[in-house]
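The following dialogue considers how several features of a predicted model may be read. The sequence and structure are shown first.

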Amino acid sequence: MVDNWGFIAVLTLVAFTVPLIGLALSWLLRPHRPGPIKQTTYECGLETIGDSWVQFKVQYYLYALIFVLFDVETVFLYPWAVAFLGLPLFALVEMVIFLGILAIGLIYAWRKGALEWV
Amino acid sequence: MNPDLTPTIWILLEAVVKGAIVIGALLTGFAYSTWFERKVIARMQVRLGPNKAGPAGLLLPAADGLKLFFKENIIPRAVDKGIFFLAPLISMTVAVLAFAVIPVGDPTEVPWREGLLQLGIADFDVALLYLLGVTSFAVYGIALAGWASNNKFALIGGLRAGAQMISYELAMGLSILGVVMIVGSLSLHEIVVWQKAHVWLVLLQPLGFVIYVITAIAETNRAPFDMPEAEQELIAGYHTEYTGMRFALFFQAEYIAMLTVCALAAALFLGGYSLPGVELPWFGDLAVFLGKVIAGMFVFVWIRATMPRLRYDQLMDFGWKVLLPLSIINVVATAVGLALYQNGVFG
Amino acid sequence: MNPEMAFFYAVALLMIATAFGMVLARDMVHGVLFMVGNFVLTAVLYLLLNAPFIAAVQLIVYAGAIMVLFLFVVMLLGAQDLSLSEPAGGRRIIGVAAVLILGSLLTFVVKEGLPAGTAAGLAEERLPTLAAFGREGVEDPQSGAAFGSPQMVGEALYREPYHIVPFELVSLLLLVAMMGAVVIASFGKGGVAAAGPEQRPGEDSA
């Protein structure tokens with residue numbers, strides 16, 4: 001166990017360092033000629049009008065919220081699924097009720113048009 | 001002080017060497033995936049594809065790499081510099097980390113350590129959950145790149161990618177559950193061993209497999225789900241402002257993620273590194289594993305060459321109204337089937 | 001100091017640093033990033049406690065889902081609007097007071113242990129056996145799974161019917177949360193689809 005997580009930690013370090021080394025080497029070797037026009041924001045040939053960091057539409061937020069809820073559900077399902085073969089039949093019923101209640105939530109969101117992307 | 005530190009040092013060395021090998025292999029895999037993709041797509045479109053740099057264009061990835069390496073990096077004035085720098089690194093690190101729990105062969109005896117050597121970085125009883133956790137981080141690299149660029153196209157690309165990835169992540173997480181239920185383990189190695197002893201899980205989980213494949217394509221933002229970088233609308237999506245090596249990192253992350261989901265598909269549904277009824281030495285295992293990954297990459301390219309891109313609302317609808325209910329039904333059906341099997345209904 | 005303690009202190013120091021980074025960040029998106037870092041380090045702490053399942057949940061739910069929601073909210077509101085509002089002096093005092101109270105409570109609990117008789121105290125009385133079980137890395141004699149593994153969690157949660165009421169209540173809670181989200185989001189008469197009257201010209205609707 002400890003071995004395994006240690007290996008992951010080492011891999012994280014290596015996986016972060018290798019691209020950093022690549023970036024550093026490239027930084028040493030590549031040309032640096034910034035210019036006022038070159039450094040403008042990429043657009044269709046005109047100056048960008050207004051700020052890009054504006055309020056976005058609410059759907060993104062809504063999807064993210066429903067995602068969090070279903071993610072929690074998935075997390076509950078995993079230990080159940082792993083232990084499933086050793087569990088009594090009762091556990092199946094328990095989970096079907098759980099999923100049923102969440103399915104109502106999904107149907108509700110669906111019917112209310114929360115899953116429509118317009 | 002602990003008098004006997006030598007084993008620890010050896011293990012540490014092993015970890016570093018393994019990490020270096022995995023990253024080296026993934027980067028090589030990335031380079032030749034780009035070549036493979038161009039070549040296969042060209043053949044499908046009755047063209048020749050790369051054929052100038054080296055035999056059959058095999059040196060083209062190296063040429064591409066060198067070009068990107070020596071390219072000037074343009075950093076627009078308007079960007080948030082810190083996050084602009086960090087985002088490609090996040091993408092790349094996450095892509096590599098996801099590969100850590102993929103087994104590429106049976107544990108093997110080696111002279112330098114007690115016990116068996118894992119062929120793969122690690123293997124533990126939460127491997128699949130670890131994988132889901134790490135892949136959920138891929139959203140950050142892309143969404144942050146879009147945000148840090150302070151470019152409208154990039155921001156829309158980043159947000160679209162974010163919403164798309166979280167939507168399909170749910171169905172992906174649920175589609176794997178059937179496998180977990182049947183095997184009763186979250187360790188990928190144990191899942192492969194189970195398939196070695198019984199059957200490939202694709203036969204028991206056909207719906208789960210189909211949902212997994214579709215969500216895998218969506219999670220890696222590949223055609224026909226490549227909305228985040230829809231050229232006609234968004235220039236290049238979240239990496240519009242990225243040039244040179246930084247762009248290369250996103251490019252690498254995308255292909256490494258593709259390799260990882262192919263390897264995962266093999267491990268979960270297609271028997272991993274094993275062939276039915278054959279016991280192979282470690283290099284045989286590795287070859288079988290590579291063959292399956294290449295087959296998976298071919299399917300990726302094939303789908304890209306065949307399917308037109310979805311419209312964004314269709315894409316979200318498909319994820320939430322088709323795949324998510326289907327994957328829940330798959331979980332319930334698998335559970336009922338297993339319960340019936342355990343109670344001897346199928347003899 | 002053994003290596004495990006040294007590692008713990010390194011992680012703890014980093015956690016404090018990221019927490020300060022989050023609070024002091026001028027830019028909301030930077031704040032969100034610091035918080036993600038903090039949550040990842042919390043997952044490492046859970047691993048140190050020999051609870052890999054909780055660590056994975058921490059990664060998936062907190063760092064991977066809730067923080068994505070935060071990021072979207074920050075982007076949705078437009079980060080620049082929020083950076084303008086400085087906390088007022090009164091709120092600062094309340095903040096410091098809250099930190100002091102919580103800190104002293106935690107110090108008390110860590111030094112003295114939880115009061116006997118309360119639910120938390122009862123949990124602690126039972127905990128030592130479990131904790132010792134985890135620390136020595138003993139295998140569970142029944143299922144063969146290690147302490148804190150998903151198998152153990154599944155067995156504990158779903159084997160006996162004790163947990164059915166809280167478990168189904170969780171799903172009701174999730175249902176209510178989902179309905180709340182839909183209702184809050186569907187401001188205006190046209191439902192969610194109307195995208196809201198607040199939309200200013202020049203805003204994106206992609």
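Q: Which residues of the largest nonpolar core touch the most other members?

A: A nonpolar core is a set of buried Ala, Val, Leu, Ile, Met, Phe, Trp, Tyr and Cys residues joined through C-beta atoms within 7 Å. A residue is buried if 20 or more other C-beta atoms lie within 10 Å of its own, exposed if 12 or fewer, and partly exposed in between, with C-beta atoms placed from the backbone. In soluble globular proteins, nonpolar side chains tend to be buried together. Of the 190 residues in the largest nonpolar core here, A:A64, A:L65, A:I66, A:F67, B:V180 and B:A265 touch the most other members. Helix 6 (residues 152-183) of chain B gives the most to this core, with 21 residues; helices (H or I, at least four residues) and strands (E, at least two) are DSSP runs, numbered from the N terminus. The core also draws at least three residues from each of domain 1 (1-79) and domain 2 (144-188) of chain C, where the bounds come from an automatic or database domain assignment.

Q: What conventions apply to numbering and to confidence in this model?

A: Residues are numbered from 1 along each chain as its sequence is written, and chains are lettered from A and ligands numbered from 1 in the order in which they are written. This is a predicted model, in which local features need pLDDT of at least 70 and side-chain atom pairs count only at pLDDT 80 or more, while totals for chains, interfaces and linings use all residues.

Q: Which residues does A:F67 touch, leaving aside those up to four places away in sequence?

A: Two residues are in contact if their C-beta atoms, placed from the backbone, lie within 7 Å. By that criterion, A:F67 touches B:I166, B:S167, B:L170 and C:A65.

Q: How many residues of chain A are in contact with chain B, and which elements of chain A contribute?

A: The contact takes 53 residues of chain A and 64 residues of chain B. On the chain A side, the elements that give two or more residues are helix 1 (2-29), helix 2 (58-83) and helix 3 (89-111). Helix 1 of chain A supplies the largest share, 18 residues. For composition, Ala, Val, Leu, Ile, Met, Phe, Trp, Tyr, Cys and Pro count as nonpolar, Asp, Glu, Lys and Arg as charged, and the others, Gly among them, as polar. The side of chain A that touches chain B has 37 nonpolar, eleven polar and five charged residues.

Q: Why does the length of helix 3 of chain B agree with expectation?

A: The expected span of a helix is 1.5 Å times one less than its number of residues. Helix 3 (residues 81-98) of chain B has 18 residues and should therefore span 26 Å; its end C-alpha atoms are 27 Å apart, which agrees. Its buried residues include B:F84, B:I90, B:M92 and B:L97. Helix 2 (residues 28-48) of chain C, with 21 residues, reaches 30 Å, close to the 30 Å expected.

Q: How is chain C organised, and where is its confidence lowest?

A: Chain C has eight helices and zero strands. The C-alpha centres of its domain 1 and domain 2 lie 23 Å apart, and the contact takes four residues from domain 1 and five residues from domain 2. Buried residues make up 27% of the 206 residues in chain C.

pLDDT is the predictor's confidence in each residue, from 0 to 100. Its mean in chain C is 73, being lowest in helix 6 (residues 119-135) of chain C, at a mean of 50, and highest in helix 2 of chain C, at 89. Over residues 127-144 of chain C pLDDT stays under 50, and over residues 188-206 of chain C it is below 50. Where pLDDT is low, the predicted coordinates should not be read in detail.
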